[in-house]
Amino acid sequence: MAKAKIRRVAINTGGGDAPGLNAVIRAATVAAINRGWECVGIRDGYNGLFLPDKYPQGGLITLTRERVHGITHLGGTILGTTNRGNPLKYPTMGPDGTMYEKDRSDELIRAFEAEHIDALIAVGGDGSLNIASVLARKGLRVVGVPKTIDNDLEKTVITFGFDTAVHFATSCLDRLYSTAEAHRRVMVVEVMGRYAGWIAVECGISGGAHVILIPEIPYDIQKIASKIRERDRNGHHFAIVVVAEGAKPVGGETSVVSTGLGRADRLGGAGERIANDIEEVTGKETRCVVLGHLLRGGSPTSFDRLLSLRFGAAAIRALEAGKSNVMVALDPPTVRYVPLEEATRRMKTVPLDCDIMLTARDLGIGFGD
Ligand code: F6P
């Protein structure tokens, strides 16, 4: 079906921020302007368009060459982002005063039409890309760009932001190693990643962790304790334990801080829980460090900068080629386009038989199993 010519394209960034967002915005904007298209950014996910009253200064930002100049290396996002108020599950009060989740996607489509936006580049993780896919099925031309430090999206070898997070976490492990050894302590390091263990596994192996706990492998505290005791017997009186925030004990639950309508569960506390258990079972002094949002901040690595620039430019090429409801994906040595539904159908977790895991096992790293 022939589609109308693109004159105005919008970009938004949704969900938790990740280093590289600004590089995507820059590449997409410059590539759009070079084709004679007007480019706007939507503030805070879809909110700038959807909740205009919240933005007296305007919910849209005109993206010019000047506006995106010199932002490739900056963390965060010049558009703002949010992981609340999903328009497909908008927290709404019912007539009896109880709250429920309402699908407001039709209103959102009308808001795009009112702003004469012909196409959207949606930069986000599974939640944002799922919204984008629904909008595409309702007629909006949409290309998704995969973002998340968690690297838990299917159909792309890697998401941007992940490399920066792993790089930073590894440098933290380097620092913790020496203080753990000096004090003969167990240092537990909690990293983000939601229900996938990618960050934990990759920084743990690179940073010399002795135990890595991931959501994919429920752990047994006795197995962790024997690993620590074995190190003691071999004259190594300290240990580094990396814990993914989604890790859980055999037969136990993920440590969730809070839940709420229209937003994802907030995870936290896994590190503290395991640190207490290790101290109790082994009698060794154990401390916990939560890296948390430090993994999301700062300047993207050169890998993430380049990947983000490639993704942003590729998204514009996809729109120019008439594609919609697709996501840009890395399939080395190139980028390709995959249906958005396929990318968001299920979470990409760490395969237990992949060579990264086999490498860890060969190095003698324990997984609490
Ligand atoms: O998905 C990215 C991520 O950083 C997860 O690793 C983490 O669980 C979550 O976002 C934290 O979100 P928030 O910033 O809302 O606490």
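Student: What does the charged end of R231 sit over?

Tutor: The ring of F238, with 4.9 Å to the ring centre. A charge counts as over a ring if NZ of Lys or CZ of Arg is within 6 Å of the ring centre and within 35 degrees of the ring normal. K348 does likewise over the face of W198, 5.6 Å from the ring centre.

Student: What should I know about the model itself?

Tutor: It's predicted, so local features need pLDDT of at least 70 and side-chain atom pairs pLDDT 80 or more, while totals for chains, interfaces and linings use all residues. Residues are numbered from 1 along each chain as its sequence is written, and side-chain values use heavy atoms, leaving out hydrogens and water.

Student: How many aromatic pairs are there?

Tutor: Rings of Phe, Tyr and Trp (its six-membered ring) pair with centres within 6.5 Å; planes under 30 degrees apart are stacked, over 60 edge-to-face, the rest tilted. That rule gives three pairs. One of them, Y46 with F112, is edge-to-face at 6.5 Å centre to centre, with 75 degrees between the planes. Y46 is in the loop between β2 and α2 (47-50) and F112 is in helix α3 (residues 105-114), so the pair ties together parts 66 residues apart in sequence. Helices (H or I, at least four residues) and strands (E, at least two) are DSSP runs, numbered from the N terminus. F50 and Y90 also pair edge-to-face, at 5.6 Å and 85 degrees. That one links helix α2 to strand β4 (residues 90-93), 40 residues apart.

Student: Are F50 and Y90 buried or exposed?

Tutor: Both are buried, meaning under 20% relative accessible area, where exposed is over 50% and partly exposed in between (1.4 Å probe, protein chains only). Y46 and F112 are buried too.

Student: In what order do the seven strands of the open sheet run?

Tutor: Strands pair if DSSP finds at least two bridges between them. Here the order is β3-β2-β1-β6-β7-β14-β15, with mixed pairing. β3 (60-62) and β15 (334-339) are the edges, each pairing on one side only. β1 (residues 8-13) and β2 (residues 38-42) run parallel, joined by four bridges; A10 has V40 as its bridge partner in β2.

Student: Which residues have the most contacts inside the largest nonpolar core?

Tutor: Nonpolar side chains tend to be buried together in soluble globular proteins. A core is a set of buried Ala, Val, Leu, Ile, Met, Phe, Trp, Tyr and Cys residues joined through side-chain atoms within 4.5 Å. The largest has 72 residues, with V9, I11, L63, I121, V145, V191 and L295 having the most contacts inside it. α5 gives the most to this core, eight residues. A second, separate core of 30 residues includes L49, L88, L120 and A122.
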